[in-house]
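The stops below go through salt bridges and a pair of packed helices.

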Amino acid sequence: MISAIKRLEQHLQLLETRYKDRLRKGAFGAPVEITEEMQDQAYASLMAPQPSLSTSFLPAPTPLLPRLPEPIVKRLGTALEVIEKEETPKWAPILQQIQANGGFKDLEISVVNKMVFAMSASQRSRHSDDIISMLKESGVSPNTFTYDLLMMANADIGNVEKVQALFNQLKEAPLIPNVRIYAHLLKAYSHTRDVAAASAAFQEMHELGIKPNLIVYTSLIRTCINREELHTAWQIFDLIKYRSTETAPDVTTFSLMIHACSMRGEAEKALDLFRYMTEIRKLEPDAAAYSALIHACAVRKDYFLDAWKFAIEMRNKGLKVNRRVLNFLLQSCGRSGDLTRARLLLRLMMSSGGDEYQPDELSFQHLFRAYAASKLRLSQSPPPEPLFVGPNPGTDLNHVELNRLPFLQDTRLPSKRAILTEAKQLLRYLMHYRPGFYSTRILNAYMDVCLTQHGYHELRRVFRENFAPVAEQPHDPEDDYPPTDPNEEDELDESPTKEDTAGYDEDNDWSESDVRKPPKNIYTFEIALEYSYKQKALRFARHVWTERMRFCESQAYWDILQPIRKRLDFTAEKLMMETLAKAGALHEALQRLEILQYEYNWKPGDLKVLYDKAREREDMDALRTLRRILRLDERRW
């Protein structure tokens with residue numbers, strides 16, 4: 001398959017170039033300048049209440065009983081009354097009654113399949129083993145369609161072990177798997193990001209002469225995206241885009257690729273893909289497509305207005321703006337530093353009344369990101385008075401839960417002190433009222449607030465006290481930086497400065513004895529090292545590095561995908577060497593660089609801090625070492 005993709009690459013690139021040229025020459029006019037007034041108008045439009053869409057035209061759901069075949073109905077026994085009374089009955093007592101009344105004995109497999117088809121996907125997956133067991137006891141052999149129905153239900157929820165077990169049973173029957181069977185298998189592998197298993201299944205299909213369909217290709221793409229092998233995902237997408245009408249991408253496939261764009265911050269590419277889907281392919285975007293596009297815009301602060309614009313368009317088309325989409329809008333506020341809207345949107349989510357709109361852990365995480373990114377743009381005009389788009393727009397904002405929210409009274413927070421105060425109070429609120437949301441990601445986001453808003457003492461305190469200790473693991477002492485110099489300043493015991501403690505009530509400090517402490521993850525150490533570099537906190541940096549080396553021996557570290565792990569390791573090494581150089585330990589930094597010179601592809605920009613420090617000290621030996629490692633001659637840098 002890959003060889004065929006490579007043969008098409010040049011042709012596909014030519015087609016893509018022509019398409020983009022046509023878009024540039026088409027209806028796109030001069031670029032529009034995004035003003036604050038336009039942002040406020042977009043926000044007000046989205047939040048304005050809309051009349052609820054009438055659902056009277058929708059057909060009533062078909063009751064379960066008429067969908068069951070007559071031979072099954074005769075064996076329901078007392079379960080018949082349960083089915084007549086309940087719209088979505090549990091199948092455990094129904095199957096027990098069928099088993100007590102002869103099971104599936106003397107029934108055709110087609111009759112059993114009709115019963116399985118009438119079950120909801122969740123009930124089907126829950127009782128897969130029971131159905132297979134009842135078939136065996138009754139002497140009825142399942143056919144390919146039986147396994148198709150059971151594998152589909154389990155693949156939808158990512159139950160890979162069950163899907164694999166059913167696939168093995170099908171082959172042992174022996175039955176010949178069809179393209180739908182392989183589609184379910186590949187979909188299950190996409191949940192576990194198992195590219196190797198997906199490739200083996202695809203190769204097996206080829207050997208059996210089974211022609212892949214769009215579901216198969218989409219499952220392969222999903223697996224690659226979940227594994228962050230985006231180049232391969234784009235290769236498969238480009239192949240099916242021009243291969244035939246049978247495998248032409250549908251809205252689901254386009255949604256996946258737009259999501260892939262969001263993973264790399266490629267908002268332009270996502271918009272091009274969305275236009276291609278709607279204008280060239282004439283496909284009608286669904287909620288998933290809009291959600292992916294809004295996400296792609298939300299991760300880029302220069303596409304802030306576009307995220308809100310497409311949310312408005314989504315709502316105007318009658319598609320549900322759910323919590324996932326609102327979280328993307330919160331994320332866009334975090335990226336752009338629009339703290340005022342983020343605070344207001346979260347309050348409105350809490351006032352919606354229904355659980356479907358209530359903020360989750362990710363909502364609060366994005367709010368913390370907005371605290372961190374806020375630039376205190378006090379010249380902005382006040383935001384419009386918005387109304388929520390949720391099910392109960394008239395809910396009283398003075399709800400008891402809202403009264404517990406630690407927001408200050410100011411519409412706009414006027415200073416870093418106010419931001420730090422409210423962020424700390426919000427963290428305490430989560431600890432006491434939403435302990436399930438009190439997690440590593442929340443603490444990392446809070447540390448980001450402390451880093452950007454100058455709450456340095458608080459950052460060190462959180463790193464030391466709020467996380468669970470990293471488990472002691474044996475590690476190679478050579479991985480550590482040299483022991484701490486006794487002459488180095490002890491930042492760990494440094495008293496908080498006036499700026500550090502501004503806005504905090506030290507007499508009302510947190511009571512954390514009953515709160516579960518989340519573990520540190522690899523990003524926790526990166527934030528702590530960024531602080532160390534920023535403040536030349538070398539002693540603290542050594543403390544962080546020692547803990548990070550312990551973390552690198554844990555299973556959590558090795559569970560990180562290898563490309564991500566290597567990128568974060570490089571960033572950590574770079575930050576530590578820059579901290580050493582900035583704090584006056586240049587030669588120690590160069591010693592570490594000598595060890596790592598072949599481990600990473602060092603570029604001049606990566607070592608600029610070391611180079612500037614060497615020039616400042618007129619250290620010719622250090623300059624020669626840097627030039628040698630970077631393979632530069634005397635005239636270049």
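Select Glu268, Arg300 and Asp302: in this predicted model, salt bridges link these three residues in a network. Zoom in on the pair formed by aspartate 302 and arginine 300, whose side chains meet at 2.9 Å, N to O. Arginine 300 is buried, at 19% relative accessibility, while aspartate 302 is partly exposed at 43%.

Next, select helix H18, residues 304-316, which holds both aspartate 306 and lysine 309. The two are three residues apart, about one turn of the helix, and form a salt bridge with the closest N and O atoms 3.8 Å apart. Which of them is buried and which is partly exposed? Aspartate 306 is buried, with a relative accessible area of 16%; lysine 309 is partly exposed, at 42%.

Move on to arginine 628 and glutamate 594, a salt bridge of 2.6 Å, N to O. Arginine 628 sits in helix H33 (residues 620-630) and glutamate 594 in helix H31 (residues 586-596), so the bridge ties together parts 34 residues apart in sequence. Both side chains belong to partly exposed residues, with relative accessibility of 46% for arginine 628 and 30% for glutamate 594. The count for the model is 28 salt bridges.

Last, show helix H15 (residues 251-263) with helix H17 (residues 287-298); their axes lie 8 Å apart at an angle of about 15 degrees. The two helices are therefore roughly parallel, and their crossing is left-handed. To see the contact, select residues including Val251, Ile258 and His259 of H15 and Ala288, Leu293 and His295 of H17. The contact residues comprise seven nonpolar, four polar and no charged.

Note on methods: Residues are numbered from 1 along each chain as its sequence is written. This is a predicted model: local features need pLDDT of at least 70, side-chain atom pairs count only at pLDDT 80 or more; totals for chains, interfaces and linings use all residues. Side-chain values use heavy atoms; hydrogens and water are left out. Axes are lines fitted to C-alpha atoms, for helices over the stretch in contact, and angles run from 0 to 180 degrees between N-to-C directions. Helices (H or I, at least four residues) and strands (E, at least two) are DSSP runs, numbered from the N terminus. Angles under 35 degrees count as roughly parallel, over 145 as roughly antiparallel, 65 to 115 as roughly perpendicular and the rest as oblique. A crossing is left-handed if the near helix is turned anticlockwise from the far one by less than a right angle, and right-handed if clockwise. Contact means heavy atoms within 4.5 Å. Ala, Val, Leu, Ile, Met, Phe, Trp, Tyr, Cys and Pro count as nonpolar, Asp, Glu, Lys and Arg as charged, and the others, Gly among them, as polar. A salt bridge is a side-chain nitrogen of Lys or Arg within 4 Å of a carboxyl oxygen of Asp or Glu. Buried means under 20% relative accessible area, exposed over 50%, partly exposed in between (1.4 Å probe, protein chains only).
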